[in-house]
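Here is a short report on one chain and its partner. Look at the fold first, then follow the text.

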Amino acid sequence: MAAVQGGLVDAVEKKDIKTEPSEDSGGNNNANDGRLLSPPPGSSASAPGGNKPPAGAPEDQQTLLAVLQFLRKNNLAESVEILRREAGLPEDALDLKAGDSAGAGSGGAGGTVDLEGEDASSLLSRVTVSSSAAAQAPTKGRTGLLPTKAVEDQPDVNVVLSAYSQQGDPALYGVYYSGLKRFIESVLDCHRAELSQVFYPLFVHMYLELVYNNHENEAKVFFEKFSGDQECYYEDDLRVLSSLTKKEHMRGNETLLDFRTSKFVLRISRDSYQLLKRHLQERQNNQIWNIIQEHLYIDIFDGMPRSKSQIDAMSGSLAGEAKREANKAKVYYGLLKEPEIELPLDDEDEEAENEEGKPKKKKPKKDSMGSKSKKQDPNAPSQTRIPLPELKDSDKLDKIMYMKEATKRIRLGPDNLPSICFYSFLNAYQGLTAVDFTDDSSLIAGGFADSTVRVWSVTPKKLRKVKSAADLNLIDKESDDVLERIMDEKTASESKILYGHSGPVYGISFSPDRNYLLTCSEDGTIRLWSLQTFTCLVGYKGHNYPVWDTQFSPHGYYFISGGHDRVARLWATDHYQPLRMFSGHLADITSTRFHPNSNYVVTGSSDRTIRLWDVLTGNCVRIFTGHKGPIHALAFSPNGKFLASGATDGRVLLWDIGHGLMIGELKGHTDTIYSLKFSRDGEILASGSMDNTVRLWDATKAFDDLETDDFTAATGHIHLQDNSQELLLGTYMSKSTPVIHLHFTRRNLLLAAGAYNP
Amino acid sequence: MAEERRPKQCTVVLPTESMKAMAESIGVGQLQEESCVALSEEVSYRIKEIAQDALKFMHHGKRRKLTTNDIDNALKLKNVEPLYGFQSQEFIPFRFASGGGRELHFYEEKEVDLSDIINTPLPRVPLDVSLKAHWLSIEGVQPSIPENPPPAPKEQQKVESTEPLKVVKPGQEEDGTVQGKGQGATAADGKGKEKGLIRLKPRSTHELSVEQQLYYKEITEACVGSCEAKRAEALQSIATDPGLYQMLPRFSTFISEGVRVNVVQNNLALLIYLMRMVKALMDNPTLYLEKYLHELIPAVVTCIVSKQLCLRPDVDNHWALRDFAARLMAQSCKTFSTTTNNIQSRITKTFTKSWLDEKTQWTTRYGCIAGLAELGADVIKTLILPRLTVEGARIKAVMEGPVVSNIDKIGADHVQSLLLKHCASVIAKIRPQPDNVEQYRIDYGYLGPMLCSHVMKARTQAALQAQQVNRTTLTITQPRPTLTVSQSGLSGSAGPRTPSIIKVPSSLTLMSPRPGTPSQPSPPATKYIVMATSAGPASTQQFLCLDFHHQISEDQITVSNGSKEKCN
């Protein structure tokens, strides 16, 4: 209970900002409808209240209509009116479609009864709604499993897929495609690479068109003929595509819906685009032109066409590259000013450790707190941008400990590599799924596939529970060592097991004050555990599907979670409902991390993109593409400027958050990277992987070599040198133990953890 | 980038027969072909979809292997009831059976006797999860402790020694100064860049750390010291420790120098100790000795063929040492012989040459024959058998002629028994059945009659063992329904339930082997069987003999311990 109470104190002063969104969703009578309203159909999803959908494109209009129908069905006449007026739709526009979608709404709700009723269905729709077209698509996805509803839904599936219904001669598809291929192969070298980007989306959409129009055999031939030409990093999607051979399959296939509902984004220089356009118009090649118009978003820029390697670096995501505008928003990546604990610091210090000399202490303090003298970083968010919990006495004490440790920190560098201490989990029978260390490295927690969570003490200090209420009554509350007395000595042990989840535990995170532990699991819940009583305090329900990752904010109180439902949620420990929902990813969210200043969260996904979200507004402020596989590891540099990400493709990519640019690629791992961590001063990046190695990279050099001239920043074109080998400082092989977590102690000793698989 | 051809996209669809079989199993008969096709396509698609979802769970479970739980979770994701009862330990729990033109995969459900379960003692509780810490790296250098993988994996050592120009060193770094530049380069990436560098790099001897020097000192002292317990421990360490790679050159030199000195001094005990070191090095799974063979092989060969290995050749059992070394030689031939180094043919030539020499002493002669015989049945057939007559005549000359010296006589005696031992099993295999003593005398001269009796003994042994072998394989495969089906000649009906059949042979195997093989083979001896004989029924005798010899050599070592102390 302590958690909730502690949080409540903060919640009071938080009202001013926090209430704004919650009112928004709560005010619209039941929360369901509010939420359905909130996702605007742009990529800037889930900014509550601020939805101004552009009603230009036909798909968007359809989206609107669908939303309107839903609202009308639920008798929300007022909202209907507002939305209609806002979008400037004629009154009768809605009636035209009314017949169609009436079934859809009920279909959506009916299809998910076995989830959590209404709530579930609205969540589901949020999942895929976010991107532009086809509001009802996701409900279709679910109902696809229920054949009874299928007939009713038919018209609305057509809404989703109607773009595919155009009839061309199926035999000619191959001819068109190879015609275009010939053309692109014949253009000047400088344009070829850029235009080649068109191949993959074109291939996918042509194939889907064939399948949709029941030309199964032609589709198969088309696939076999041209699938080999596609870039190897699309292999996974092609595999999904290859299994899809019938129109019936298209319903309910998420990958397909992703293709359909989001425009594939290409960046092409103006010259190349003109070339393509002229060619297609000359040939009267309407088939291809239509696809390009309808399903592709071509982001045209002026200047030199990009080279093959530049394109390869950025492509690979499920929906193409990020639009340039997507990364234009200002990000306050600077760190928050350290809280003013100078005065209490000295007092506490004296109390805490009398034996240590005072003058000795002051000097190192200034070193470590160099930022204190500095003025507010222009890139830092204001201190109160989001309300943060107030520091408790124990927190201050911990800060002091931190600074003391920091003075003893080893300065790392290429000539001064960290020592690595490896914690092997023995007898885990392949069941270890998540690990976390506390910041002061005193505790280690592991989540297991058998639903258990175990906590070990790494120091000689054993883990003790608080005494029972009856016993607590007996102790002398006035005594100085009351905190010591409340602990039950009989329960002291090196490890504790926490039971509560009903599925594999995929994410685990300690609170910064070491009082709580957060775990998320396949069972769809996130649980908060007390490390005083070793019991579960809260089960946060909201994700209806497996939750893949969760993490506490560096300032505590808030936490972020993300899972199979493609929505990342921001929670506060004392609210049973999420404060923010970040939707926009096109596939599972596989990893989530907080920015050091707690104002932003980053999520990595199986759609092979990374998104940075603003906690305050809920907007997506950065989209990073370039990975060729699901992203399983993310890490911010300690100064908050950079982000490192690792994926199943075994590569680590480095990103400049301020400029929204990829600035480095570290190749070397041969399997999925499950953990990334910067050293405390940010000089070294450590990466741990399924290939049983820990690798150390020279982060200072990687960031220094950077030349971000204005042009690069403006166009987002980067020249990556292939200097992974120079940046690699060391490779340390473990004995058949995949490295699933890394942690730098406050003195820069690297701790690694994994389960030994004999 | 029309990239490298990837494996063809899978368009596998379940056969329609499966649909029919499944329909029948739930009571739907006479499914139309069309519906079968439609169903199978649909089912295949759904299965693929589930498999793709299951992969997600595998990735998040941080595993490389897909498990049944992943499938269950994927089903749960789609709101489908998971399949219960498939928590199999085996990777694929299905058995395969065929018969009557039908092929079938089925899930084996054994009938379990409850009383068996109740009466068997409880299995040990699996160990609880525990946490263990070790140093993966200390200031950038990976310590070579058992918790860390060997600095240079065996494959890499092999590549280094067989293809020195292609050396890429993943994860190996003892110089300490070179910080893994380009270590991680996979062969494909880094080769082009590194080729030039590698050739320029001088081969320097490694500096051993203080700990390593201490270890080396301790180990070598224990290996040749007087305390047998310590020696066993040291040899065990050599045979299992993963971090010996850097010390290998020293050990190799130690052994070769040791042999050189002790042969001159005729110090049998020390020679035996050194050979045991060689054996331990060879047994170490993390070491690849190819680079040090130029030192080790001469040492081993010396111990096989040297004229004199001990001070009192008439009393000391140096024959055991020769046998032991010959086996080591055969083992290294088997492991390291390649078309480029030709170890086996060079060794064979050496042995043959000195054997053919008229003036060769009996001791050397014995060594040569032992060395050749250990190389396998083929070598015996082509090189030893043709010379049996000549050799027989020579032995006869010593045994029946005027007494020259006691030593010669002992030597001839040993050679004779050696020849009989090795040749009998080979002859038993290549000669047709009726063993006629006269015929043997004609073919093999003086040794003929003795050989004949040995061969006959070998045959009976072989027959006995063949019986056992048959029996045992039967007991192993019997529970598999496939075998029973094919044996009974009926179609699957008689299949899985045959407990009575199982019981009979198993009781037989329980009875028969004990009297047949008087001494239970010790683990190292079994190792020799595998390499010495290709296969087949004749192996029994040999394996007995080898086992016997092994024991002798062990005895010998303890006996000569005393003599060695005297020497010192």
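Among contacts in chain B between residues at least 6 apart in sequence, what percentage join residues at least 24 apart? The value is 63%. Contact here means heavy atoms within 4.5 Å.

This is a predicted model: local features need pLDDT of at least 70, side-chain atom pairs count only at pLDDT 80 or more, and totals for chains, interfaces and linings use all residues. Residues are numbered from 1 along each chain as its sequence is written, chains are lettered from A and ligands numbered from 1 in the order in which they are written, and side-chain values use heavy atoms, leaving out hydrogens and water.

**Chain B**

Chain B has 24 helices and three strands. These are DSSP runs, numbered from the N terminus: helices are H or I with at least four residues, strands are E with at least two. Of its 568 residues, 42% are buried. Buried means under 20% relative accessible area, exposed over 50%, and partly exposed in between (1.4 Å probe, protein chains only).

**The core**

A nonpolar core is a set of buried Ala, Val, Leu, Ile, Met, Phe, Trp, Tyr and Cys residues joined through side-chain atoms within 4.5 Å. In soluble globular proteins, nonpolar side chains tend to be buried together. The largest core here has 88 residues, and B:M275 and B:M329 touch the most other members. A second, separate core has 44 residues, including A:Y177 and B:Y45.

Where is B:V300 found? It sits in helix α11 of chain B, residues 293–305. B:V300 counts as buried because its relative accessible area is 4%. Leaving aside neighbours within four places in sequence, B:V300 is in contact with B:M275, B:V278, B:A325, B:L328 and B:M329. B:V300 and B:M329 are 29 residues apart along the chain, yet their C-alpha atoms are separated by 6.7 Å.

**The interface with chain A**

On chain B, 55 residues are in contact with 77 residues of chain A. The table lists what is found between the two chains.

| Item | Value |
|---|---|
| Buried area | about 6200 Å² |
| Salt bridges | four |
| Polar contacts (both residues at pLDDT 80 or more) | 16 residue pairs |

Buried area is the accessible area (1.4 Å probe) that two parts lose on being put together, summed over both. A salt bridge is a side-chain nitrogen of Lys or Arg within 4 Å of a carboxyl oxygen of Asp or Glu. A polar contact is a pair of N or O atoms within 3.5 Å; within protein, one must be able to donate a hydrogen and the other to accept it, and residues adjacent in sequence count only if both atoms are side-chain atoms.

A:D671 forms a salt bridge with B:R64, with the closest N and O atoms 3.0 Å apart. The largest share of the side of chain B that touches chain A, ten residues, comes from α2(B).
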